[in-house]
Each structure stands twice: as C-alpha cells, then as structure tokens.
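Subject: Structure handover

Hello,

Here is the structure for your files. My notes on what was found in it follow below.

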Amino acid sequence: MALTRIGLAGLAVMGQNLALNIAEKGFPISVYNRTTSKVDETVQRAKVEGNLPVYGFHDPASFVSSIQKPRVVIMLVKAGAPVDQTIATLAAHLEQGDCIIDGGNEWYENTERREKAMEEHGLLYLGMGVSGGEEGARNGPSLMPGGSFEAYKYIEDILLKVAAQVPDSGPCVTYIGKGGSGNFVKMVHNGIEYGDMQLIAEAYDVLKSVGKLTNSELQQVFSEWNKGELLSFLIEITADIFGIKDEQGEGYLVDKVLDKTGMKGTGKWTVQQAAELSVAAPTIEASLDSRFLSGLKDERVEASKIFQGDYSTGLPVDKAQLIEDVRQALYASKICSYAQGMNIIKAKSSEKGWGLNLGELARIWKGGCIIRAIFLDRIKKAYDRNPNLANLLVDPEFAQEIMDRQAAWRRVVCLAINNGVSTPGMSASLAYFDSYRRDRLPANLVQAQRDYFGAHTYERVDMSGSYHTEWFKIARNSKI
Ligand SMILES: NC(=O)c1ccc[n+]([C@@H]2O[C@H](COP(=O)([O-])OP(=O)(O)OC[C@H]3O[C@@H](n4cnc5c(N)ncnc54)[C@H](OP(=O)(O)O)[C@@H]3O)[C@@H](O)[C@H]2O)c1
C-alpha cells in the first residue's frame, strides 16, 4: 500500500465523517480508533459511499507508519484527558517534524500546554475548532485552526478543500492565529450559538404564547423569515421542526420534547471568559442561565402551582403586526449578541497578542457551521470598513438597522413582560443597547456608595483626580 497523505484518530460522529470528507476530496487517509470496531465501521462506510480511499488500522504503530512524512494526524476524541492519552499513544510512534491536530472542543489553555510539550519533542501542534456537527464534518465544516503556522501551511491544501465552500467568499477556513486561538474562537462561536438559539426560542414563545400561533403558522413564519435578513441555518431548521408530526402519537413532535436543554460546556466557558476579560455579554449569559433554569423542571412545575393564574393581559393582539415586530426584535437582539461575542474575541486577542482578524472570522462562519447566516456578511463588511471598530453597534449600517427596529423591539419586550412571558435574551440585548448608547449611567451612584462604605474613591465629571468624601460623617452631622 502507498503511504497515505494524512491520518485521523478518533472515529465517533465527528471523526468518521471528517475522514470520509477528506477522502472524498482526493486525499488518501489512514484511520484509527481505540475501540477497533469503529475502524472497521468507517472503512465499510467508505466502501459504500463511493470506494473512498480510507485505510483502517487496529494498532497505533502501523497506523502512524502508514502516513507519508512529515506525518499529520487529526485527533477527534473527547476533550480533556482522552486527548492527552491519545497524544501519548500517537507520540510514541511519531518523529520530529510530524504534527498532531486536535479537532475537538478543547479548552484553549490545554492546547497551549500541549503545543509547548510537543515542541520539546520536535512535534508541531494545532488546535482546530470544527463546527457544523455531523453533517458539516461530512460535507464541509467551518474550520478554525490555531497554533503552529508551519503545520497549518503543510495541510492548508487539504483544509481548503474539506471546508464548506461559500460561492462569494471562499472556503470556510483560515489560519486563526497562534497558541490556543483556534479553540478560543470556536468556543466563542458556540457561545454565540447559545445566544442565537435562545433568541429564536423566545421569538417562538412570544408568537405561540401571546400570539397563539399554531405550529403550522410558526412553520410558515420561520420559512418566510428565512428568505430575508434572518436567513440562516438555525432559522431554517426551526421552520422544519415545526412541521414534523409525532410518529408515536397525535400532534407535533416539538410539543412532546421535554423542556430541558442539555449542554457540554463551551457556552459556560464563553461566559466565564467574558467575566475574566471584563467584557459585558448579557445575551450570551442569559442564554446560559436559561439552560440552567430549564434544567429545574421539577422545581418549575411546583412553582407553577404556587404562582397560578393567568398572566396574560387578555388584550387582543394584531397577529400580523406581532409577527413583524418579533422578526425585527429578533434581528436587533442578534446584532447585540454578536457584538458581545466579537468583543470577547477582541479582548482576548489583545490580551494574548494574537492579532485576530474579526472580519475574517465572520467570513469563515458564513458556511458549514451552526451559526452560518447571511447576516455574517454584514459583520464582515463592518470590520472591513473599520478593523478597530469599538462595537458592532456603532458601525454606521448596524447603527441604522438598530434604530429602524428599536420601536418594534421595545414593543415585543414590553408585550412579553406584560403577558408574563420571559424573554431574557431579547431583554438583555435591549438593556445592553440602552446602556451602551447612554452617555451617563447611574454608575455615579454605585461609585458614591462604594466610596461611602469602602473608601474606594471616585472621579469627578468636572475635575481630574481621585476623590474621597466622608459621606457617613457628613450625613450623620446633617441629621443632628
Ligand atoms: N458531535 C458534534 O456535533 C461535535 C461538533 C463539533 C465539535 N465536536 C467535538 O469533537 C470532538 C469529537 O466529538 P464526537 O462527538 O465525535 O466524539 P465524542 O463522543 O466526544 O468522543 C468519542 C471518541 O473519543 C474517543 N475516546 C474517548 N475516551 C478516550 C480515551 N481515553 N482514549 C482514547 N480515545 C478516547 C472514543 O474512542 P472509543 O470509541 O474507543 O470510545 C471516540 O473515538 C469532541 O471534542 C467534541 O466536543 C463535536
């Protein structure tokens, strides 16, 4: 057998599909998995899906030696300890100049630690975010490789072909930057994904609970929205979901799905990083909190018995107006959510000296990944116009779009509040906008309180310097 161009270790959902994708693009690939039945399964799939050049190995030594030098192995195993174990297994057979790529959702600092450790053995290392789930991995994901540039250049030809292809903007891959930047960007992508999903769920809730739309009406509305500025993968699949009947009973499947959202951790990391970097990310945080609250199903059922009663205003709702308002509120909220995600990346990039190109990130998210959307084109253009944009909100085009949608956005949030329907994401986005756009916030009072009880000092609007006032003494004396 001739040597293969690349290897892939870890053949669960993502690995198996990515291996087939790579082979289909004309790159012979060796595959390996700890549990060998998955190797045979993958080779069998490769036969069925067009005799693709996939070669299976049951032991790491023959797997590694089947790859042409310098060898490149993509790992797609569970993040954390399994990655370290797989590296140890592979590294025993790799030689100087070879490269390992971790394609999992790994914590970026683990990637930086491993890159250093690999360097000591003369091995190159990349941490590559892969987005798009099973379908993306098989037919074209969005790829976010970070780490050794030398390693990236060596496999660039493969990545350019394997990634999703967007007609007007090219393959959805770019060299992200040094260190763990690829994993970090993928993590924030997932945080943004949390925000998008939450905002869509709130749009659904308002339309269903206040507007009384049926599933088939919701399907029509979301299909219609998917023809305009909201066009995106998530809106498209949401429309599909509303149309699917329950095969095991009456009605629609969506109504039978338990209202408890799972998660694997990248959204939580995003929120933790936002806090570490002192970047406000209230929409993404609200989406995470909503998942936590959804998990309290039993408590919520009990609480619903305590707080019984009809919270609806009972006022008639103009359905057509509501649908249009919710569409605009969703779009405006989404702008705020992406502004927050981009600001997290920007802050980390300057902290670490990564020099990340935000416009380029928007470009590679236009296809393949879960947050792919036509709207990302506007984000790319905004950063092309001004790479140092302080906030997406102040880009002239986005600023105008927000202004145009403000009235509808406020109507939707007020309507939801008045009807007892929670819209934490939309409300958080609106509060973010309302805080960001004001030249004076009540922070003066908070700072005065801090100085009162903790002598933390304050600055003045009319004089420079740092001040402290004996608030307590003055207040006590004035009471006598
Ligand atoms: N699923 C998705 O939609 C998706 C999307 C984007 C990114 N990701 C990320 O991509 C990576 C792979 O995801 P996945 O869903 O395909 O698989 P997964 O369920 O996260 O992991 C299963 C794979 O890890 C291997 N593994 C687990 N523990 C191991 C150990 N101690 N030593 C060696 N191998 C070990 C398994 O081998 P055995 O078969 O021997 O158990 C199997 O190949 C993860 O980091 C995931 O977060 C997933």
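G191 lies in helix 8, which covers residues 181–210. Please keep in mind that this is a predicted model. The relative accessible area of G191 is 0%, under the 20% cut-off, so G191 counts as buried. Setting aside neighbours within four places in sequence, the residues in contact with G191 are G267, T270 and I284. S287 is 96 residues away from G191 in sequence, yet their C-alpha atoms are 8.7 Å apart in space.

Next, the ligand. It is surrounded by 21 residues, and the closest of them are M14, N33, T35, K38 and Q85. For T35, a side-chain N or O atom is 2.5 Å from an oxygen atom of the ligand. For N33, the corresponding distance from a side-chain N or O atom to a ligand oxygen is 2.8 Å. V77 takes part through its backbone, with an N or O atom 3.4 Å from an oxygen atom of the ligand. On its own the ligand exposes 880 Å², and the protein buries 80% of that area.

Last, the surface. I244, L253 and V257 make a nonpolar patch of about 250 Å². L253 sits in the loop that runs between helix 10 (233–242) and helix 11 (266–276). Why is L253 classed as partly exposed? Its relative accessibility is 37%, and partly exposed covers the range between the 20% limit for buried and the 50% limit for exposed.

Regards

Methods: Residues numbered from 1 in each chain as written. Predicted model: local features only at pLDDT ≥ 70, side-chain atom pairs only at ≥ 80, totals over all residues. Heavy atoms only, no water. Patch = residues over 30% accessible without salt bridge, like charges linked within 9 Å, V, L, I, M, F, W, Y side chains within 5 Å. Areas by Shrake-Rupley, 256 points an atom, 1.4 Å probe, with all protein chains shown as cover. Salt bridge = Lys/Arg side-chain N within 4 Å of Asp/Glu carboxyl O. Helix = DSSP H or I, 4+ residues; strand = E, 2+ residues; numbered from the N terminus. Buried < 20%, exposed > 50% of the residue type's maximum accessible area, 1.4 Å probe, protein only. Contact = heavy atoms within 4.5 Å. Near = heavy atom within 4 Å. Polar contact = N/O pair within 3.5 Å; in protein donor to acceptor, adjacent residues only side chain to side chain.
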